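Subject: Structure handover

Hi,

Here is the structure for your files. My notes on charges, one patch and one hairpin follow below.

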Amino acid sequence: MEHSDGGTARPDPSPAEAPARARPTVATPVLRLLALAAGYYFAARLGLLIPYVGTHISLIWLPTGIALAALWRWGPGMAPAVWVAATAANAAIGGPLWISVCIGAGNTAGPTVAALLLRRWRFDDHLLHRRDITVFLAAIVLGMAITSLNGVLWLAVARAPEATRLLPAWAGWFVGDAVGALLAGVPLIAWRRERAAEAFGGRPGLRNLALLAIVAACGLTTFFGWLAHDSAFLYPLLALPFFLLALLAVRGGVIAASIGVLLLSVAAGFGTARGFGPFALHDPRAGSLALWSYVTAQACTSLLICSLCMALQASRRQFAAFLQNSADGILVIDEQGRLLQANAAFTAMTGVDAADLVGRHAGDALLGAASGIGALVADGAPASTTELALARAGGERLVVECQVARYRKSSGHWQTHVSLRDITQRVVAQEQLATSEARLKAVTDQVPAMFAYVDRQQVYRFANGQFRQVLGVEPDAVVGRTMRDFLGGDAHAALLPHIEGALRGEAQHFERNGWKDNASKHFMVRYVPEVRLDGSVPGFFIMVLDITERFRAELALARSEALVRAITDHIPGLISHMDRQYRYTFVNANYVRWFSLQESPVGRTVADVFGEAVFEGVHARIDEALAGREVVFDLTNKVPGGADFMRVHYVPDRDERGEVIGVYGLVTDRTEQQHARDRIEASERQLRAVTDNLPMLITYVDAEERLRFMNATFHDWLGTDITGSIGRPLREVVGEEHYAARREHLRAALRGRRVEFEVVSRTLQGLRNLQTVYIPDVREDGGVRGIYTLSTDVTALKDTERELQRLARVDTLTGLANRRQFDELLEHAFARYRRARRPLALIYLDIDRFKAINDTHGHGVGDAVLREFAARLESGLRETDVAARLSGDEFVVTLDGLSTREEAVGVATKLLHAIRVPMPVAGKTLDVTASMGLAWLDGSTEVDAEALMVRADRALYRAKAAGRNGLTVAED
């Protein structure tokens with residue numbers, strides 16, 4: 001950040017940044033604390049010797065400066081020493097100790113806050129810039145406001161006499177602390193060994209020490225009673241330190257001046273406290289105020305002069321920085337012609353070492369490459385600007401702009417500044433520009449077009465050689481003339497709107513016939529404005545191209561296009577051409593007529609003319625044509641007007657390289673064709689609606705055995721994809737198994753014969769019995785185009801037939817075989833018996849006292865008992881055994897495949913036990929028993945079925961006679 005005095009912002013200049021200092025020992029902080037406490041205490045005692053208000057308030061309170069310097073230099077760890085010393089100094093005056101403790105705390109807090117603010121505000125203790133002085137004063141004001149306010153408030157609490165008038169007491173305390181911080185703080189904060197060496201080292205330092213000694217002597221002489229009160233030397237000695245401190249501020253800077261002020265202040269304060277000097281008046285307040293004014297004036301004067309010196313030094317530093325960092329070479333020459341300064345840029349330009357030039361006469365030093373500069377500054381060096389051609393140290397070309405300026409210094413002497421600016425690149429650029437202009441003229445002279453440049457006054461500033469070729473006018477005869485003069489009044493008036501547009505910064509492009517002797521020619525003209533970065537237009541470029549031949553060709557082309565349009569406008573359809581941006585470049589008249597358009601679509605896109613919805617419908621088809629494919633498709637018109645149904649042809653338009661640059665479009669009306677197709681499709685939909693709802697399979701198979709029609713029943717019964725099957729061979733659609741079952745019938749029908757057959761097919765619902773008919777489609781010439789197939793589901797009919805057959809052989813009440821079926825099964829069992837000679841058993845049985853059950857419980861219960869009885873018989877038999885109901889409550893069982901009679905008896909006994917289990921019937925539990933007669937054939941006996949039945953029936957009667965509920969085996 002740049003400051004007003006030219007200084008730059010620096011890193012935090014805290015005391016910790018001092019380089020290469022020895023690390024303090026353990027005893028150093030202790031010594032610092034003791035030294036700070038002692039210095040603060042004795043300075044406080046000195047200040048209290050000259051109180052201004054009461055005993056606690058002094059106008060010069062040096063301890064604040066000592067405390068501030070210690071806290072700034074050594075950190076907040078010094079605060080305890082300040083507090084102890086401040087408390088001791090206040091306690092020495094008298095009064096309650098707690099008041100001294102509280103006042104001491106405030107005297108510690110103020111300098112501590114000020115030191116912290118200095119660190120926070122990045123204060124530089126060099127005090128070289130006005131900013132640092134401002135920061136220092138601001139920190140003092142804020143810190144001392146704390147000490148003064150704290151002290152006055154505690155005095156008020158203690159009811160001290162000083163606090164009876166709070167505002168004057170606070171002002172006196174604040175002023176005393178602030179002046180003390182200024183007097184003691186500045187030298188102690190700014191003190192550094194290297195700065196002291198700079199201020200007091202060498203011969204200049206000895207002179208500064210002598211000045212300090214004189215200041216101290218003036219103070220001692222004036223304030224220690226060495227002179228009488230009425231001595232004539234008193235007041236001159238009182239005023240002399242002002243001049244001496246000003247010299248110290250100029251020569252030694254802040255440290256020397258502030259030390260002088262501090263010494264003078266201590267001497268004045270101590271002497272006044274002892275009653276010596278001009279300020280030891282009968283009125284102590286007036287004396288203190290006079291002493292404060294004197295000391296404050298000395299301090300402020302010194303700081304002001306230091307500030308002015310700082311500004312001067314900053315100005316010198318700025319000039320030195322400018323001199324060394326300027327890209328221009330700079331020389332400073334006095335009125336005797338001696339070189340005072342030369343910067344590095346001058347050395348870089350001329351190769352002359354600047355260190356060798358300083359102190360020498362310009363005429364003697366500026367030789368060789370710099371001799372031209374020496375000549376410029378000779379003879380008083382009048383102010384001038386000259387372009388010089390020099391040579392660099394390496395021999396390269398160097399062109400400089402040399403500026404010589406003279407001015408009179410404050411001392412009255414003349415001084416000369418020489419500034420060298422390297423303009424080599426600019427000169428080279430100008431030369432290159434001139435070369436480029438020459439090349440441009442040579443190039444434009446060969447271009448078959450007239451080129452010119454016209455400025456804002458409409459004056460030709462450039463014209464190429466084509467003016468000679470086309471118009472027979474030399475280019476030099478054009479340059480410098482106005483456009484009105486060259487073109488003539490009429491031609492200029494016709495071109496004036498274009499000229500004014502170009503001068504406004506608007507490019508102009510137009511065609512026009514020639515003028516004067518070139519009236520038969522046709523020209524294409526472009527005006528291109530020259531627009532600068534700021535938007536101004538100094539002129540414009542003109543290009544005029546003779547396009548007479550092209551114009552004639554365009555006329556011929558226009559006539560040809562008119563003929564083509566006349567033809568296309570009378571074709572009963574839409575003809576168009578689109579570019580790759582879907583923009584119409586040609587349409588015939590039918591576009592406007594069909595769609596009642598307000599204007600021609602040419603120059604507009606499909607979406608612009610017909611809307612986004614229509615464009616999206618044909619977008620993909622246009623892209624196909626732009627990809628190089630011819631596209632034909634049917635389109636339903638969505639635009640009011642025009643045909644309802646159209647057929648669209650898109651054909652790619654290719655250039656001479658074969659690249660597609662657009663699309664030709666042909667749209668024809670197919671409304672009548674569509675209506676006919678709609679009628680056919682309506683008829684087909686009706687036919688399909690009928691066939692799809694018939695419970696039969698209907699197809700049409702052509703002569704090549706390909707499916708051409710299938711009704712929806714195929715999908716319902718077989719899961720066949722109707723759409724995907726049309727056109728495919730029948731074998732692929734129905735599968736090899738179904739096709740093999742129908743192959744011979746199919747081929748017979750294709751030979752012209754009607755075929756009917758039944759077949760069992762596997763469907764999604766299971767097996768179906770299909771009654772199928774193949775009907776040949778015979779042409780007039782006797783050939784067969786294909787066959788119609790109808791397959792009717794007769795599964796229900798077949799199931800009915802089978803059920804009737806079953807009911808004729810089964811007992812309807814119990815579900816067991818009836819007598820008819822039993823007789824058949826018994827014959828089959830005897831056939832096996834005779835063939836295999838395997839044992840056979842027959843059980844004849846009936847329900848005991850069944851009539852009583854009917855009579856007691858009713859026939860419904862009796863029927864239920866019969867059904868439960870039959871169920872228990874079946875559950876107790878093997879799969880090879882047969883149970884049948886002959887009539888009423890009479891049942892018979894055949895046991896086949898037994899080995900011994902005992903096995904048959906075991907089965908019969910098992911049945912008896914199953915029957916004896918109480919029967920829950922109709923909400924009742926009945927005890928039902930049965931009587932059985934068993935007849936056995938061991939395989940060697942030759943009897944018939946009737947005989948076996950008779951033997952079992954006799955055994956049954958013996959079982960009944962034996963008391964029922966038992967089994968009797970027939971005798972062999």
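Start with Arg779. Its relative accessibility is 33%, so Arg779 counts as partly exposed (buried is under 20% relative accessible area, exposed over 50%, partly exposed in between, with a 1.4 Å probe and protein chains only). Arg779 forms a salt bridge with Asp781, and the closest N and O atoms are 3.2 Å apart (a salt bridge is a side-chain nitrogen of Lys or Arg within 4 Å of a carboxyl oxygen of Asp or Glu). Asp781 counts as exposed, at 61% relative accessibility.

Before the rest, the ground rules. This is a predicted model, where local features need pLDDT of at least 70 and side-chain atom pairs count only at pLDDT 80 or more, while totals for chains, interfaces and linings use all residues. Residues are numbered from 1 along each chain as its sequence is written, and side-chain values use heavy atoms, with hydrogens and water left out.

**Other salt bridges**

The structure holds 25 salt bridges. One of them joins Arg468 to Glu474, with 3.0 Å between the closest N and O atoms. Both ends are partly exposed: Arg468 has a relative accessible area of 37%, and Glu474 is at 41%.

Lys851 pairs with Asp855 in a salt bridge, the closest N and O atoms being 2.9 Å apart. The two sit four residues apart in helix H31 (residues 850-857), so about one helical turn separates them. Helices here are DSSP runs of H or I with at least four residues, strands are runs of E with at least two, and both are numbered from the N terminus. Lys851 and Asp855 are exposed.

Salt bridges also link Asp655, Arg657 and Glu659 in a network.

**Negative patch**

Asp823, Glu827, Asp944 and Glu946 form a negative surface patch. Patch residues have over 30% relative accessible area and no salt bridge, and like charges are joined within 9 Å. Asp and Glu count as negative; the charge is placed at CG of Asp or CD of Glu. Areas come from the Shrake-Rupley method with a 1.4 Å probe. Glu827 lies in helix H30 (residues 819-836). Glu827 is partly exposed, with a relative accessible area of 45%.

**Hairpin**

Strands S24 (residues 882-887) and S25 (residues 890-896) pair in the antiparallel sense over five bridges. Pairing requires at least two DSSP bridges between the strands. Ala883 has Val893 in S25 as its bridge partner. Two residues lie between the strands of this hairpin, and Gly888 takes a positive phi near 50°.

Best wishes

Methods: Patches are made of residues with over 30% relative accessible area and no salt bridge: like charges are joined within 9 Å, nonpolar side chains (Val, Leu, Ile, Met, Phe, Trp, Tyr) within 5 Å.
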